[in-house]
Amino acid sequence: MPYIHVQISGRGDDALARRTAAVASELTSRILRKDPSLTAVVIDFIEPSRWFVAGRALSHEGARSYHWMVSITDETNTKAEKAAYLKAVHEAMREILGDVAEHSYVHVADLRASAYGYGGLTQEHRYQHPA
C-alpha cells in the first residue's frame with residue numbers, strides 16, 4: 001500500500017505526470033514487491049524559479065530536478081532492495097526528464113506498521129488479522 005509523492009521541477013504537464021505515475025507503480029511493484037492495486041501516486045510540478053540547489057534557482061541551471069518519496073511499511077524490504085529501487089528511480093527519471101540535476105532525491109520512508117495504514121486500519125492490524 002505504498003503512497004508515492006513525486007515533485008518535478010517545471011510547468012505542469014499531464015502527459016509527463018501520467019508517465020511518471022506509471023513508472024512509479026511499475027518500479028515499486030517490480031523492485032519493492034508492492035501491490036499496484038494498492039499504490040497511490042501524486043505528482044506535483046514546481047516552477048524552476050522556486051526550486052533551489054546550492055542557493056541557485058533551477059531556472060538558471062537548465063537541468064530539471066525531482067524529489068520522489070515512497071512510504072512503505074517498515075521491515076518489508078531489504079537494504080539491497082531499497083538501494084536497487086533508488087538506482088532504478090534515478091535512471092528512470094533521467095530517461096523521462098532528460099538532463100537531471102545531481103541533487104535529485106529519492107526517499108524511501110519506512111513507517112511503523114502500527115502507525116501507517118489505509119481505510120482506517122493500520123498495517124499492523126492487517127498483519128494480525130489477515131483477510
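This is a predicted model: local features need pLDDT of at least 70, side-chain atom pairs count only at pLDDT 80 or more; totals for chains, interfaces and linings use all residues.
Strands of a sheet pair through backbone hydrogen bonds, in either a parallel or an antiparallel sense. Strand 1 and strand 5 run antiparallel and are joined by 6 bridges. Within this pairing, Tyr-3 stands opposite Ser-71 of strand 5. Gln-7 has His-67 of strand 5 as its bridge partner.

Strand 5 also pairs with strand 6, here in the parallel sense and over 7 bridges. Thr-73 has Leu-111, in strand 6, as a bridge partner. Strand 5, helix 2 and strand 6 together make a right-handed β-α-β unit. How many of the 8 residues of strand 5 are buried? The count is 6, so strand 5 is largely enclosed by the rest of the structure.

The nonpolar residues come next. In soluble globular proteins, nonpolar side chains tend to be buried together. The largest nonpolar core in the model holds 24 residues. Leu-27, Tyr-66, Trp-68, Tyr-85, Val-89, Met-93 and Leu-97 touch the most other members. Strand 1 (3-9), helix 1, strand 5 (66-73), helix 2 and strand 6 (105-111) each supply at least two residues of this core. Helix 2 gives the most, with 7 residues. A second, separate core has 5 residues, including Trp-51, Val-53, Leu-58 and Ala-101.

Charged side chains were examined next. Side chains of opposite charge can pair when their charged atoms come close. The model has 4 salt bridges. One of them joins the side chains of Glu-95 and Arg-19, at 3.5 Å from N to O. This pair links distant parts of the chain, with Glu-95 in helix 2 (residues 79-97) and Arg-19 in helix 1 (residues 14-32). The two residues are 76 residues apart. Glu-95 is exposed, because its relative accessible area of 61% is over 50%. Arg-19, at 40% relative accessibility, counts as partly exposed.

Another salt bridge joins Glu-81 and Arg-33, at 2.1 Å from N to O. This pair, too, links distant parts of the chain. Glu-81 lies in helix 2, whereas Arg-33 lies in the loop between helix 1 and strand 2 (40-46). They are 48 residues apart.

A further salt bridge lies within one helix. Arg-30 pairs with Glu-26, their closest N and O atoms being 2.7 Å apart. Both residues are in helix 1, 4 residues apart, or about one turn of the helix. Arg-30 is exposed, with a relative accessible area of 52%. Glu-26 is partly exposed, at 38%.

Is Lys-82, by contrast, buried or exposed? Lys-82 counts as buried, because its relative accessibility is 18% and the cut-off for burial is under 20%. Lys-82 is placed in helix 2. Leaving aside residues up to four places away in sequence, Lys-82 touches Leu-32, Asn-77, Val-108 and Asp-110.

Conventions. Residues are numbered from 1 along each chain as its sequence is written. Side-chain values use heavy atoms; hydrogens and water are left out. Buried means under 20% relative accessible area, exposed over 50%, partly exposed in between (1.4 Å probe, protein chains only). A nonpolar core is a set of buried Ala, Val, Leu, Ile, Met, Phe, Trp, Tyr and Cys residues joined through side-chain atoms within 4.5 Å. Two strands pair if DSSP finds at least two bridges between them. Contact means heavy atoms within 4.5 Å. A crossover is right-handed if, with the strands pointing away from the viewer, the path from the first strand over the helix to the second runs clockwise.
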